[in-house]
Amino acid sequence: MTVTAYTLAVALNLFCLFLGYRFLLQPASAATGYGVPARPEGDAGAYLSVKGLRDGTFGVVGLALLFFVGARAEAWFMLAVALVPLFDTLIVLRNGGSKATAFGIHFATAVVVLISAVLLFLV
């Protein structure tokens, strides 16, 4: 179980880094994948950059906690970070995005992050 807990945590943190990179370097396609399309050359450019920085930072902090502090600290971090995809679900729904994207991507991500937290607490 320890290997599974660490592997899932590392994968989720690396995925956050990927998302951050994508929002910073390919903001239009990243926003479409998020579920609420936006034009980076319009009013949304700054917000897309903020999202990219947010996601990338979560990945860096998560990896740092896991490697330098330990599984318990990472578990608490994952528990707190699970709020982000839960609220992303609401943001997508509130802004006319599809229910499939809201629940199939964001809500499902929150569930996986919570599972990761539980596994890390059990290590």
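Which residues of helix α2 (residues 27–34) are buried? Select that helix in this predicted model, and you will find that Pro27, Ala30, Ala31 and Tyr34 are buried. These residues cover an arc of only 100° around the axis, which puts them on the same side of α2. Then step just past the end of α2 to Gly35, which takes a positive phi of about 120°.

Next, select α5 together with α6, whose axes come within 8 Å and cross at roughly 170°. That angle is over 145 degrees, so α5 is roughly antiparallel to α6. Showing side chains here brings up the contact, in which Pro85, Leu86, Asp88, Thr89, Val92 and Leu93 of α5 meet Lys99, Ala102, Phe103, His106, Phe107, Thr109 and Ala110 of α6. Sorted by class, this contact of α5 with α6 has eight nonpolar, three polar and two charged residues.

Now turn to the largest nonpolar core, and select its 12 residues: Ala5, Ala9, Leu12, Leu66, Ala71, Ala75, Met78, Ala82, Val113, Ala117, Leu119 and Leu120. Helices α1, α4 (71–81) and α6 each supply at least two residues of this core, and the largest share, four residues, comes from α6.

Centre the view on Leu120, which, leaving aside its neighbours within four places in sequence, is in contact with Ala5, Ala9, Leu66, Ala71, Glu74, Ala75 and Met78. For the last stop, select Ala31, Ala44, Leu48 and Val92, which are included in a second, separate core of eight residues.

Conventions:
Residues numbered from 1 in each chain as written. Predicted model: local features only at pLDDT ≥ 70, side-chain atom pairs only at ≥ 80, totals over all residues. Heavy atoms only, no water. Buried < 20%, exposed > 50% of the residue type's maximum accessible area, 1.4 Å probe, protein only. Arc of directions from axis to C-beta. Axes fitted to C-alpha atoms, helices over the stretch in contact; angles between N-to-C directions. Parallel < 35°, antiparallel > 145°, perpendicular 65-115°, else oblique. Contact = heavy atoms within 4.5 Å. Nonpolar A, V, L, I, M, F, W, Y, C, P; charged D, E, K, R; others polar. Core = buried A, V, L, I, M, F, W, Y, C linked by side-chain atoms within 4.5 Å.
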